[in-house]
Amino acid sequence: MWKLIKMDFYRLISSKTIKVGAIMAFLACTGYMLLSLGIISLARFALNEDPSVAMGLEIFISQINWLNGVDFSEIVFGGTAVFSLFIGCMISANFIGSEQSCGYTKNFAGQLSDKGYMAISKFVVTSIAQAMILAIYTVVSSVFAQLLFGTYINGYDISTLLAAIGLRLMLHLAVNAIIIFICTFTKSHAIAMVAGCIFGIGVTKIAYSTAEMLLSLMKINFPISQYMPDGVNSQLTLDTVGELYIKAILVSLVFIAVFVAANYLVLRKRDVK
């Protein structure tokens, strides 16, 4: 098992997928920070020229609240939210899909006593990629927060920030397990990429809302999105860490266990061709 994980990890770090993902993470986080700075600059100008303009902007742009001072953790955590799940999903979908299309799985599966071990290895390796992307976001956000927003920072709640990032990573890993299963079950690189996009950019909210509406017609009130990993991830803020940490951990562990186990069974029983 350990040799299998090392082999998959070498493939990951040698591939263009992780390099492109790291560059995208850096650029997305940089863009978010620069955009936020531009918004604050515009708000400061509006306040000096016409306070009513700034009030109008505040309806749409939360960063304007930073004019009154902001905790360092809020800026950094805001940076980690931008496209981090999307990039992580695309890395997993591309990594798993490409090895199926190039014949790697077929050539290697016959050498294993239990093909199901590949499911565990793929999850471990792609989880490392997810952690790397989130780490890049956190480091870049921290640097830009201090350089660009130093004059607005009035606190450093690092413990809450680390707890929130840890929960976000667990929820990302749960979505990662779903993407790996979809890719393996369908044996389709394209479907996996589409699924990665759907989860990454939040299109699943439409499906959850539709399902909840149908359930309400049957007089069943069940908030599906609040028990899905991407749904909980969208609700996660520094203010809700205390309320959501138990739910986030449980939802993450359940989805990881269920989908890794399902992927294990699929690979174990399938004739790899």
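The model is predicted. Ring pairs join Phe181, Phe185, Phe255 and Phe259 into a cluster. Helix α8 also packs against helix α9, with axes that come within 9 Å.

**Aromatic pairs**

- The structure holds 4 aromatic pairs.
- Phe181 and Phe185 form a stacked pair, because their ring centres are 5.5 Å apart and their planes stand at 20°, under the 30 degrees that counts as stacked.
- Both Phe181 and Phe185 belong to helix α8, 4 residues apart, or about one turn of the helix.
- Phe181 has a relative accessible area of 18%, so Phe181 is buried.
- Phe185 has 51% relative accessibility and therefore counts as exposed.
- Phe181 also pairs with Phe259, edge-to-face, at 5.6 Å centre to centre and 65° between the planes.
- That pair links distant parts of the chain: Phe181 sits in helix α8 and Phe259 in helix α12 (residues 241-269), 78 residues apart.

**Contact of α8 with α9**

- Helix α8 spans residues 158-186 and helix α9 spans residues 189-200.
- Their axes cross at roughly 155°, and angles over 145 count as roughly antiparallel, so α8 and α9 are roughly antiparallel to each other.
- The crossing of α8 and α9 is right-handed.
- From α8, the contact takes in Val175, Ile178, Ile179, Ile182, Cys183 and Thr186.
- From α9, Ile191, Ala192, Ala195, Gly196 and Phe199 meet them.
- The contact residues divide into 9 nonpolar and 2 polar, with no charged residue.

Note on methods. Residues are numbered from 1 along each chain as its sequence is written. This is a predicted model: local features need pLDDT of at least 70, side-chain atom pairs count only at pLDDT 80 or more; totals for chains, interfaces and linings use all residues. Side-chain values use heavy atoms; hydrogens and water are left out. Axes are lines fitted to C-alpha atoms, for helices over the stretch in contact, and angles run from 0 to 180 degrees between N-to-C directions. Helices (H or I, at least four residues) and strands (E, at least two) are DSSP runs, numbered from the N terminus. Angles under 35 degrees count as roughly parallel, over 145 as roughly antiparallel, 65 to 115 as roughly perpendicular and the rest as oblique. A crossing is left-handed if the near helix is turned anticlockwise from the far one by less than a right angle, and right-handed if clockwise. Contact means heavy atoms within 4.5 Å. Ala, Val, Leu, Ile, Met, Phe, Trp, Tyr, Cys and Pro count as nonpolar, Asp, Glu, Lys and Arg as charged, and the others, Gly among them, as polar. Rings of Phe, Tyr and Trp (its six-membered ring) pair if their centres lie within 6.5 Å; planes under 30 degrees apart count as stacked, over 60 as edge-to-face and the rest as tilted. Buried means under 20% relative accessible area, exposed over 50%, partly exposed in between (1.4 Å probe, protein chains only).
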